[in-house]
Amino acid sequence: MNTNFRFLPLAIVGIAVLALSAPRLHADDYYVLEGRAHGGSVLTTTTFLLWSSDVTFFNRGSSAAVVRLLDVSNGRVTNGSDMEFELPAGRSAALSRIRPDWLYDDPSGSLTVLHVDAPPTVSIESSLYIGTSTSVLCCADPEHFGKTRLPVVRTLAAAGDAQVHLSTDLGAIPSRLNVGVYNSGSVAASVVIQVRQFCDDSVIDSRTVTVPGNSVIQAFGFQTAMKSCPDPGGAGSLGRPNGVYVAVVSDQPGFSFVSALSNADVPTTSISIVGPQ
């Protein structure tokens, strides 16, 4: 079984001409994580894991709203037309139906970040579906193992700020961590990632990674096994007696997220997002 939870890369796109049919309201920036990837065999030798995402919207306002795609990460090139859509009041929409070309659908697998703007009356959610397929290209059961949420970030962490993800484990289930980092800057970021145990806040795994400008990457396979924890309730004991958390510090603005994945055959997954959403 493939032990990596992988996703898809992206590119810079232009800003479209404003739609004249809808009123132009004040717009907020949103950074939306999405992607698609295939993993190893599960359930049978001819059935494979499939991770896929969709982004949904709902307009809570009393008038139509315009959602615009401003930029895409990782150098991905998208269709230069249809860079926005109009969402009527009280209606929902999904990218898979209204703008499928905004979604990343490369079988090689990775993640992308969509930089969009929309009025604050528009709710946005990115969902990761954990399913199965019988090949890289066809015959998918995309929701076989359920879903979890992917980051939709409104405020980026400033350079040098500690992004702390709490409870990044699966409890009693042996697991590993993948840490994703988005660099919104135009130059490469140096990022320090530390996994700490709650019992005494000591570091049990650490890595420094480089993230190119306007890109999102994942660092795979951080451990969650604790080391030499003091007895619960002992001197200086403040945190939980078990479990781990993750601290991420980048020298460029952006955001981070942590995926906790089961080491067993069942693809149990939990994703941690930190900071203003």
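A salt bridge is taken here as a side-chain nitrogen of Lys or Arg within 4 Å of a carboxyl oxygen of Asp or Glu. By this rule the count comes to 5 salt bridges. The model is predicted.

**Strand E1 and its partners**

- Strand E1 spans residues 28-42 and is mostly covered, with 12 of its 15 residues buried.
- Strand E6 (residues 110-118) runs antiparallel to E1 and is joined to it by 9 bridges; within this pairing, arginine 36 has serine 110 as its bridge partner.
- Strand E2 (residues 44-59) is also antiparallel to E1, with 5 bridges between them, and valine 42 stands opposite threonine 44 of E2.
- The hairpin of E1 and E2 has 1 residue between the strands, and leucine 43 takes a positive phi near 70 degrees there.

**Valine 152 and strand E10**

- Strand E10 covers residues 152-153 and includes valine 152; E10 pairs with E1 in the antiparallel sense over 2 bridges.
- Valine 152 is the bridge partner of valine 32.
- The C-alpha atoms of valine 152 and tyrosine 30 are separated by 6.5 Å, although the two residues are 122 residues apart along the chain.
- Valine 152 counts as buried because its relative accessible area is 10%, and buried means under 20%.

**Salt bridge between arginine 154 and aspartate 28**

- Arginine 154 forms a salt bridge with aspartate 28, and the closest N and O atoms are 2.4 Å apart.
- Arginine 154 lies in the loop between E10 and strand E11 (162-165) and aspartate 28 lies in strand E1, so this pair ties together parts that are 126 residues apart in sequence.
- Arginine 154 is partly exposed at 37% relative accessible area, whereas aspartate 28 is buried at 15%.

**Salt bridge between aspartate 117 and arginine 68**

- The side chains of aspartate 117 and arginine 68 meet in a salt bridge at 2.6 Å, N to O.
- Aspartate 117 belongs to strand E6 and arginine 68 to strand E3 (residues 65-72), so the contact ties together parts 49 residues apart in sequence.
- Aspartate 117 is buried, with a relative accessible area of 6%, and arginine 68 is buried, with 15%.

- Arginine 149 and glutamate 125 meet through their side chains in a salt bridge of 3.8 Å, N to O.
- This pair links distant parts of the chain, with arginine 149 in strand E9 (residues 147-150) and glutamate 125 in strand E7 (residues 122-133), 24 residues apart.
- Arginine 149 is partly exposed at 47% relative accessible area, and glutamate 125 is partly exposed at 26%.
- A network of salt bridges links Glu125, Lys147 and Arg149.

Definitions and conventions. Residues numbered from 1 in each chain as written. Predicted model: local features only at pLDDT ≥ 70, side-chain atom pairs only at ≥ 80, totals over all residues. Heavy atoms only, no water. Helix = DSSP H or I, 4+ residues; strand = E, 2+ residues; numbered from the N terminus. Buried < 20%, exposed > 50% of the residue type's maximum accessible area, 1.4 Å probe, protein only. Pairing = 2+ DSSP bridges.
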